Amino acid sequence: MNEVTETKISFLGDGGWGTTLAVHLAKKNFSVKLWGAFNDNVQAMQREHENKKYLPGIELPDNLTITGDLPAAVTETNIIVLSTPSQYLEGLLKQVKSLLTGTNRNVIFLSVVKGIEKKHLSRMSELVEKYLGKVAFAVLSGPTIAIEVAQGIPSSAVIASKNKTVAAKLQKIFNSATFRVYTNTDVIGVELGGSLKNVIAIACGVCDGLGFGANTKSALLTRGLAEMSRLGEAMGAKPRTFSGLSGLGDLVTTCFSPKSRNRTVGEKLGKGDNIETILENMVTVAEGIETSKAVQKLARRYQIDMPIATEVFRIIYKGKDPLKAMTDLMTRSLKSE
C-alpha cells in the first residue's frame with residue numbers, strides 16, 4: 001500500500017479552516033474525516049455537500065466523510081488535525097484523552113489553531129502536552145485565508161515540529177501545486193506568530209474604520225511586528241521566525257485582506273460599533289478578541305512593552321474610543337526604532 005491509501009486523517013473541528021484543509025487532502029485522495037461538534041451542521045453538510053455555515057460556495061468531495069462521531073474520528077486514524085477554536089480546544093482534548101488507547105497512542109497531532117488559551121495563557125502545544133502527554137505534535141500556520149486556499153489560489157504555509165521526521169511527513173501530505181508547505185523547528189514562534197498577529201490585525205481594521213490610509217496601517221503593521229517579536233523572544237521563540245510565513249507573512253495577509261475576520265472586527269470597532277453587537281452578528285470566531293486579553297497578561301508576565309496590543313485591549317474591553325486610542329499611540333514619548 002502507498003502512503004495515500006494507508007494514511008487516515010481526522011479533522012476535529014468543522015470551521016472554515018478545518019473544512020478547507022479537509023477538502024484539500026480529500027482532493028489528494030487521502031482518507032479524510034471531518035468531525036463537527038454540532039449535529040445540525042454535520043447533517044446539513046452530509047445532505048448538501050457544502051459547509052454553508054463556515055465555508056459557503058465550496059463543494060465537499062464525495063470521498064470526504066462528514067461525521068459527528070468523535071470516537072470513530074479519534075480511534076480510526078493516523079493523524080488528528082486539531083481545527084477547533086482555541087477556547088474550545090481544552091474541552092475537546094479532555095474527550096480525546098479518554099478515547100486514546102494503546103492501539104492509537106502513536107497518532108500524530110497537528111494543530112491548525114491560531115490562538116492562546118485565556119485562563120492559563122497556554123499555547124495549543126502546551127494544552128496538548130498537558131492532556132495527552134508527549135505525543136508526536138506539529139503546528140501548521142501561515143498567510144492562509146481559508147476561502148482562497150479552498151479556491152485553489154496559490155498559498156503557502158509552514159509546519160513546525162521539534163521532530164523533523166514528523167514535520168517532513170506532514171509537509172509531504174499537505175503540499176500541493178497550489179499549497180506550498182515549508183518546515184520549521186520553532187514550534188513556539190510559529191504558534192505565537194499565528195496568534196499575536198490577530199491582535200495587530202484588529203488594530204489595522206480600526207485604522208480602516210477610522211478612514212485612515214496606507215501610511216497609518218503600514219506603521220501599525222511594522223510596529224506591531226516589533227511587539228510580536230519582543231514577546232515571542234521573551235517566551236522562547238526564535239526572532240527569525242517572525243520574519244517568516246507565520247510572522248510577517250500572516251500579519252500582512254490578516255491586516256490587509258478584506259476577508260480577514262479580525263481586520264473586519266477592527267473596522268467595525270473603528271466605525272463605532274460596540275464589541276457586543278459585533279459578536280452577536282458573527283458566525284465565525286475572530287481569535288484576536290480573546291487573544292488580546294491573553295496578550296495583556298503575557299506582556300505583564302514577561303514585562304514587555306506592547307502599546308498597540310494594549311490599545312486594542314482597551315478598545316474591546318474598556319470601551320475606549322478608537323480615535324483616542326490612535327491619538328494616544330501617536331503622542332507617546334519619542335524613542336528610537
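This is a predicted model: local features need pLDDT of at least 70, side-chain atom pairs count only at pLDDT 80 or more; totals for chains, interfaces and linings use all residues.
Begin by selecting Gly15, Gly16, Arg261, Thr284 and Val285, which are the closest to the centre of the largest pocket among the 45 residues that line it. The space in this pocket comes to about 1,200 Å³. To see where the lining comes from, colour α2 (16-27), β4 (55-59), α5 (86-99), α7 (146-150), α9 (187-209), α11 (245-256) and α12 (261-270), each of which supplies at least two residues. Of the contributing elements, α12 gives the most, with five residues.

Next, move to the second largest pocket, which holds about 530 Å³ of space. Select Arg223, Ile308, Leu329, Met330 and Arg332, the closest to its centre of the 22 residues in its lining. Helices α10, α15 and α16 (322-330) each give two or more residues to this lining, and the largest share, seven residues, comes from α10. By class, the lining of the second largest pocket has ten nonpolar, five polar and seven charged residues.

Finally, show helix α10 (residues 214-234) together with helix α15 (residues 307-317), whose axes come within 8 Å and cross at roughly 100 degrees. To inspect the contact, select Leu220, Arg223, Gly224, Glu227 and Arg230 in α10, which meet Pro307, Ile308 and Ala309 in α15. The contact of α10 with α15 has four nonpolar, one polar and three charged residues.

Terms used. Residues are numbered from 1 along each chain as its sequence is written. Side-chain values use heavy atoms; hydrogens and water are left out. Axes are lines fitted to C-alpha atoms, for helices over the stretch in contact, and angles run from 0 to 180 degrees between N-to-C directions. Helices (H or I, at least four residues) and strands (E, at least two) are DSSP runs, numbered from the N terminus. Contact means heavy atoms within 4.5 Å. Ala, Val, Leu, Ile, Met, Phe, Trp, Tyr, Cys and Pro count as nonpolar, Asp, Glu, Lys and Arg as charged, and the others, Gly among them, as polar. On a 1 Å grid over the protein atoms alone, a cavity is a set of points where a 1.4 Å probe fits but cannot get out, and a pocket is an open set with protein on both sides within 12 Å along at least five of seven lines; lining residues have an atom within 4 Å of a point. Grid points are joined across faces, edges and corners, and a volume is the space filled by probe spheres set on the points.
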